[in-house]
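Q: I've got a sequence and a model on my screen, and I'd like to learn how to read them. Can we go through the features one at a time?

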Amino acid sequence: MNSKKQILIFLFLSIMQPIFLLAADGSWCYFSVSNGDLVVPNCGQQQTASRVMAIDKWQRYHIADLPQRSMYIKPGDLDGDGAIDIVAGGWWWKNPGSLDGVWKQHLVGEPLRNMNEVFDFDRDGDPDVIGTKGVGAETNRQFVWAENDGKGKFTIHSNIDSCESGDFLQGSAMIRLADGYGIALGWHKGGKGTYIIRVPDNPKTEQWKIDLVTETSMKEDISAGDIDRDGDLDMLLGTIWLENRDGQWITHVLGETADLDSDLEPDRNDLADIDGDGRLDAVVSPELGTHLLWYRAPEDPTQPWIRHSVGTIEGQGFSMDTRDFDRDGDPDIVIGEHRGETHNRVVIFQNFDRGRTWSKVVIDKDAKDVIDHHDGTVAVDLDRDGDLDLISVGWYNPKVWVFENLAR
Ligand SMILES: [Ca+2]
Ligand SMILES: [Ca+2]
Ligand SMILES: [Ca+2]
Ligand SMILES: [Ca+2]
């Protein structure tokens, strides 16, 4: 073979490589600026391309109608069969093995009516449940926890202090503290501030205490992460973060939204390294506004963080999760709409080029009196096939949903 032929074959293989890869595994796509899939970054001449898992094929399943609103929806293998079940409100649903099967509904146990965390509190290997006695959005500050026997049968314990203020939860985060685990709490009307429930060493016999740790609250979501990289977990409340300084919680303002939209209130938030520089950035989704934002953490996170736009979300951002849906190594963002004018959608914002370019992929859309999302669109690989599925719950439409990702 002469060298000209070799070069031609080499060029042919180079051009065909993405197509060969696509053929080898149908769930992977090739995106490039050269064919218009991606916007050229910074209006420059630079070539950018990446190979990512497809995120545009989904199947929705209606799992249950709820008699009242549930604050949260969370995953966990409650019965120990290896399949991931769903918990919302006072119920759990057994994973039928195939996501299109019948999800049998079980009561966690009265008087636990509004789950806020699923976690192995007694460290015996199975997930337990904590929640308030509150029905729907009624004011209730009394917590109980449900001890799992490993097979999804629960014993309810009431050895938790009542919270001194609060109406219903809009923020809840498991947080590892110097002396054990805690559950950070944010109330819808703010209460007196941010609280932490202390999980005692022996959760069955010792009383669980609740401390007001700071008067600061943004009345919404709470995310835990080591923002200042000093080895302990801090908290993100939206455009404020709380520095864990040896158990004292110091308030830092990281950015603003008022100059962009004076009505906008941060609702859901996540900590994720959007630009791949090793620092946790803040993702903030809106209530009473449409701007989905991320704030880049500076070297010293007590200094102002630089705000960037991800895109707009017409139905507002009451449901959000930040995970690597396309498996290209960077976090993407899913939003479930709650206040769409006529319809509510589930939208994935796909991160390209370290948070500079986002591609908006609508994966579900239906009439607003059929579906909405509130503290939902939680990403979890429900069928353990290697792609992230979603579980979600509505507020105007209190229903439980599963979205199966058909990439795999
Ligand atoms: Ca347990
Ligand atoms: Ca820290
Ligand atoms: Ca990604
Ligand atoms: Ca999956």
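A: Let's start with a strand pair: S21 (residues 281-287) and S22 (residues 291-296) are antiparallel partners, with 3 bridges between them. Strands here are DSSP runs of E with at least two residues, numbered from the N terminus, and two strands pair if DSSP finds at least two bridges between them. Across this pair, Val-284 sits opposite Leu-293 in S22. This is a predicted model, in which local features need pLDDT of at least 70 and side-chain atom pairs count only at pLDDT 80 or more, while totals for chains, interfaces and linings use all residues. Residues are numbered from 1 along each chain as its sequence is written, and chains are lettered from A and ligands numbered from 1 in the order in which they are written.

Q: What is the pLDDT average of the protein chain?
A: pLDDT is the predictor's confidence in each residue, from 0 to 100. The protein chain averages 92, and 88% of the residues score at least 70. Residues 10-26 fall below 50, and that stretch has 7 contacts in the model beyond near neighbours in sequence. A contact means that two C-beta atoms, placed from the backbone, lie within 7 Å.

Q: In what order do the strands of the open sheet run?
A: Strands of a sheet pair through backbone hydrogen bonds, either parallel or antiparallel. Here 4 strands make an open sheet in the order S20-S21-S22-S23, with antiparallel pairing. Strand S20 (265-272) and strand S23 (306-312) are at the edges with a single partner strand each, so one side of each has no neighbour in the sheet. From one strand to the next, the twist averages 25°; such angles run from 0 to 180 degrees between N-to-C directions, using axes fitted to C-alpha atoms.

Q: Which residues have the most contacts inside the largest nonpolar core?
A: A nonpolar core is a set of buried Ala, Val, Leu, Ile, Met, Phe, Trp, Tyr and Cys residues joined through C-beta atoms within 7 Å. Buried means 20 or more other C-beta atoms within 10 Å of a residue's own, exposed means 12 or fewer, and partly exposed is in between, with C-beta atoms placed from the backbone. The largest core has 87 residues, and Val-129, Ile-197, Ala-282 and Val-334 have the most contacts inside it. Strand S26 (residues 343-352) gives the most to this core, with 5 residues.

Q: Why is S26 largely enclosed by the rest of the structure?
A: Because 8 of its 10 residues are buried. S26 also has strand partners: strand S25 (residues 332-336) joins S26 through 4 antiparallel bridges, and Val-334 has Ile-348 in S26 as its bridge partner. S25 and S26 form a hairpin with 6 residues between them. S26 and S27 pair antiparallel over 10 bridges, in a hairpin with 4 residues between them, where Asp-353 in the turn has a positive phi of about 60°.

Q: Is Asp-375 buried or exposed?
A: Asp-375 is buried, with 30 other C-beta atoms within 10 Å. Arg-384 is partly exposed, with 13 C-beta neighbours inside 10 Å.
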